[in-house]
Amino acid sequence: DWDQRLVGLVADEFMSRHGSDPREDAQSAARLWQTCEEAKRLLSSRPSTTVTCSHGGSVAQIEITRKQFEEATRDLLDRTRFTVTQTLHVANLDWHQIDSVLLVGGSTRMPMVPQMLRELSALEPEHSHDADEIVAQGAALRAGLRLGNKIAGFTPFTIRNVNSHSLGVVGVDRLTGRLRNGTIIPRNTPLPITARRTFETQTDNQKSILVQIVEGESRAADDCTTIGKCTVSNLPPELPAKSPIDVLFHYRDDGRLKVRVNLPGTDTNLETEFARELGLSREHLEGWRRYIGGLKF
C-alpha cells in the first residue's frame, strides 16, 4: 500500500502534465512501480527525490518530497498505530509493561514509523536487528526449536501461538432471522485447540446443512471474512426442526483448521480441512481504511 500511494502521486502529476495515465500501460506501470519503490527507500534518508516517469512517448522528471509522501500515507500510519494499540489492549498490557519495541519489515525504515512508535510508547525503537532479515531470523529460531537437542549449544525457549481472529460458523438468529457469526474459537486462544458448538436445523425434513466458516469479531456475518464452506447432504428423513448439529473445530498451530460436522445419534457426519488465506481482500482493506479514517488518536 505504501508503494501504491507513491505510484499514485507520481501518476497524478504525470497526468496533469501530459494528460495520460502511465498505469494504463503494462510496461509503463511496471517501470513506474520499480522506480517508486526505489524512491520510497531514498525518501527514508533524504527530504526529497526525483522520479522519472515515461509513457506514450513522453518523459517527466517529477520531484516528490518526504512530506508529500507522509501526507499521502497518513491513513496507513494511523492504521499501524491503531493495530499496535489494539494489540496491547487485547493482550491486557500497558506500555510500562513493554521492555522494548522491535522494528520488523522494510516499512519500519521510513522515519515516520519509528517516530510514531516513539511518541506512542515513550520508548526508543530497537534498531539492533536488520528489519528485513528479522523474520528470517525468527524462522531460523523456530527451526532450531523443532530440532531441539540436535543442535549443539542451542538454548530452548517457548513459543506461544494464538489465533489472531475469532473463528466461527454462520447461523440464523432465532429472534431476528438474520445471519449471525456463532463464535467457536475466540481470538487470542492458545493453539492448538479443539472446540465444539451445537447448532440446530431450521425446518422440518431439512435435507442438507451448509456450514460457512468465518473469522472476525463482529456478530454480523456480513462483517466477517469467509474462510470456506462445506455441505452435509442426505440428512435422515423426517428430521424435525431444531435437531442438534455438532460442529467441532480443531485448529492447529500451522494455520490448518479441521472441521467436523455431526448429527448426534446418527451416522451423518462430514470432516474437511481448510487453510486460512493470508492477507485481506481488497474490499476488506477498503473497509478498514474508511473505519480508521474516522478514528481520532
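I looked up V104 and found it partly exposed, because its relative accessibility is 41% (buried is under 20% relative accessible area, exposed over 50%, partly exposed in between, with a 1.4 Å probe and protein chains only). The model is predicted, so I took local features only at pLDDT of at least 70 and side-chain atom pairs only at pLDDT 80 or more, while totals for chains, interfaces and linings use all residues. Residues are numbered from 1 along each chain as its sequence is written, and side-chain values use heavy atoms, with hydrogens and water left out.

V104 sits in the loop between α4 (74-90) and α5 (112-121); helices are DSSP runs of H or I, at least four residues, and strands are runs of E, at least two, numbered from the N terminus.

Next I went through the salt bridges (a side-chain nitrogen of Lys or Arg within 4 Å of a carboxyl oxygen of Asp or Glu). The structure has 17 of them. In one, R79 pairs with D1, with the closest N and O atoms 3.6 Å apart. R79 is in helix α4 and D1 in the segment before α1 (2-18), so this pair ties together parts 78 residues apart in sequence. R79 is partly exposed at 24% relative accessibility, and D1 is partly exposed at 31%.

K40 and D3 form another salt bridge, 3.0 Å from N to O. K40 belongs to helix α2 (residues 26-42) and D3 to helix α1, 37 residues apart. Both K40 and D3 are buried.

I also noted R256 and E273, whose closest N and O atoms are 3.2 Å apart in a salt bridge. This pair links strand β9 (residues 256-262) with strand β10 (residues 269-275), and its members are 17 residues apart. D12, D21 and R23 are joined in a network of salt bridges.

I checked the length of helix α6 (residues 134-147): at 1.5 Å a residue its 14 residues should span 20 Å, and the end C-alpha atoms are 20 Å apart, which agrees. The expected span is 1.5 Å times one less than the number of residues. Just after α6, G148 has a positive phi of about 60 degrees.

Last, I looked at the loop between β7 (225-232) and β8, where A241 is placed. A241 is partly exposed, with a relative accessible area of 29%. A241 and N205 are 36 residues apart in sequence, and their C-alpha atoms are 7.3 Å apart in space.
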